[in-house]
Amino acid sequence: QVHLVESGGGLVQTGGSVRLSCAASARIFSTNAVGWFRQAPGKEREFVASISRDGESKNYVVDMKGRFVISRDNAKSTVYLQMNDLNPEDTAVYYCAAGPYNGFDSGTYEYWGQGTQVTVSS
């Protein structure tokens with residue numbers, strides 16, 4: 001059963017920007033924090049950013065803060081990840097997830113999407 005659906009991925013040039021979207025049911029969005037994670041080939045899945053249920057608290061990995069911005073629109077049951085100044089190291093499958101805690105630990109997130117591929121060309 002798919003609870004979250006990511007979109008917006010694709011091919012982008014180095015230095016470019018993309019905005020990822022994560023759509024879910026109103027029930028899930030109204031009761032959970034949402035996080036973004038990514039996984040490159042041969043690498044462990046890593047935390048990117050997260051946002052609280054009310055949208056007031058946001059967490060970012062240190063080296064991504066300032067480049068990436070997470071936001072949510074509860075009326076549309078959608079969370080966004082704006083990614084700017086991209087480089088090839090950002091190439092990965094990006095996943096969104098929902099859970100009761102606004103944190104870094106992937107194990108605390110209950111619902112997951114299938115992911116969307118972001119490829120940054122040199």
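Which residue forms a salt bridge with R38, the closest N and O atoms being 2.9 Å apart? In this predicted model, the partner is D90. The two residues come from distant parts of the chain: R38 belongs to strand β4 (residues 33-39), whereas D90 sits in the loop between β8 (78-83) and β9 (92-99), 52 residues apart. Both partners are buried. For R38, the relative accessibility is 8%, and because buried means under 20%, R38 falls into that class.

This pairing is one part of a wider arrangement. The whole structure contains 3 salt bridges. R38 also forms a salt bridge with E46, and here the closest N and O atoms lie 2.7 Å apart. E46 is partly exposed, its relative accessible area being 34%. D90, in turn, forms a salt bridge with R67, with 2.8 Å between the closest N and O atoms. Through shared partners, the salt bridges join R38, E46, R67 and D90 into one network.

The side chains of R67 and D90 are joined by a polar contact of 2.8 Å. Leaving aside residues up to four places away in sequence, R67 touches Q82, M83, N84, D85, L86, N87 and D90.

A covalent link is found elsewhere in the model. A disulfide is a covalent bond between the sulfur atoms of two cysteines. The structure holds 1 disulfide, which joins C22 to C96 with an S to S distance of 2.0 Å. This pair, too, connects distant parts of the chain, as C22 lies in strand β3 and C96 in strand β9, 74 residues apart. The link between C22 and C96 is right-handed, with 70° about the S-S bond. How accessible is C22, buried or exposed? C22 is buried, at a relative accessible area of 0%. C96 likewise counts as buried, at 0% relative accessibility.

Strand β3 (residues 18-24) also has a strand partner. β3 pairs with β1 in the antiparallel sense over 4 bridges. Within this pairing, V5 has A23 of β3 as its bridge partner. In a regular strand the side chains alternate between the two faces of the sheet. In strand β1 (residues 4-7), L4 and E6 make up the covered face, while V5 and S7 make up the uncovered one.

Not counting residues up to four places away in sequence, Y101 touches A33, T108 and Y109. The C-alpha atoms of Y101 and V5 are separated by 20 Å, and the two residues are 96 residues apart along the chain.

Note on methods. Residues numbered from 1 in each chain as written. Predicted model: local features only at pLDDT ≥ 70, side-chain atom pairs only at ≥ 80, totals over all residues. Heavy atoms only, no water. Buried < 20%, exposed > 50% of the residue type's maximum accessible area, 1.4 Å probe, protein only. Pairing = 2+ DSSP bridges. Salt bridge = Lys/Arg side-chain N within 4 Å of Asp/Glu carboxyl O. Polar contact = N/O pair within 3.5 Å; in protein donor to acceptor, adjacent residues only side chain to side chain. Contact = heavy atoms within 4.5 Å. Disulfide = S-S within 2.5 Å.
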